[in-house]
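Morning, everyone. Please have the sequence and the structure open. I'll walk through a few spots.

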Amino acid sequence: MNKLTDIIVQATSPKAPLTVQEVTKRIKSEWPKLTKYQAVRIARTETAAVWMHTAANAYAANGISEWESIVAKGPSIEVDASGACGFCSEQAAHTHSMDDVLLPPYHPHCRCDIVPVLEDPVTGEHWLPPDEPWAGGGE
């Protein structure tokens, strides 16, 4: 693996995930000529890509067939719903199939997220988890 891949894999470990600030610090120490802005952009975008694909895989493994993109907003990130870029707003306007290969982040610094659609698109019935939680492994 290359150095950036190593950093991102370590950063997204479910056992001990790192904050964007910690990832930025590691990137800056490896590539000191990067500006802080560049290091933050890489840290945020690359870790988000891993988390989005992880979420999508978990949804698919649990029988979810569609997802929606949501635009991050709020005072802590200095974005309101009207401040989102056009592409992110367009993606949030409709549901996506689990087969859709385009997941957030849609662009550098993207803070969009995905959420599962918890109803059957054909019957309209709400999806509920099984009565018995999956314990893993075979029968």
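Keep in mind that this is a predicted model. Let's start with packing. Which residues of α2 are buried? They are V23, T24 and I27, in a helix that covers residues 20-30. They span an arc of only 100° around the axis, so they sit on the same side of α2. The face away from the buried side carries exposed residues: Q21, K25 and S29.

Next, helix α3, residues 36-61, where we find M52. Is M52 buried or exposed? Its relative accessibility is 8%, and buried means under 20%, so M52 counts as buried. What does M52 touch, leaving out residues up to four places away in sequence? The list is L103, P104, P105, C112, D113 and I114. Take I114. It lies 62 residues from M52 along the chain, yet their C-alpha atoms are 7.0 Å apart.

Last stop: aromatic rings. The count here is one aromatic pair. The partners are F87 and Y106, with ring centres 5.3 Å apart and planes at 75°, so the pair is edge-to-face. This pair links distant parts of the chain, 19 residues apart. F87 is in helix α4 (residues 86-92), and Y106 is in the loop between β2 (95-97) and β3 (113-116). Y106 counts as buried, at 13% relative accessibility. F87 is partly exposed, at 35%.

Note on methods. Residues are numbered from 1 along each chain as its sequence is written. This is a predicted model: local features need pLDDT of at least 70, side-chain atom pairs count only at pLDDT 80 or more; totals for chains, interfaces and linings use all residues. Side-chain values use heavy atoms; hydrogens and water are left out. Helices (H or I, at least four residues) and strands (E, at least two) are DSSP runs, numbered from the N terminus. Buried means under 20% relative accessible area, exposed over 50%, partly exposed in between (1.4 Å probe, protein chains only). Contact means heavy atoms within 4.5 Å. The arc is that of the directions from the helix axis to the C-beta atoms. Rings of Phe, Tyr and Trp (its six-membered ring) pair if their centres lie within 6.5 Å; planes under 30 degrees apart count as stacked, over 60 as edge-to-face and the rest as tilted.
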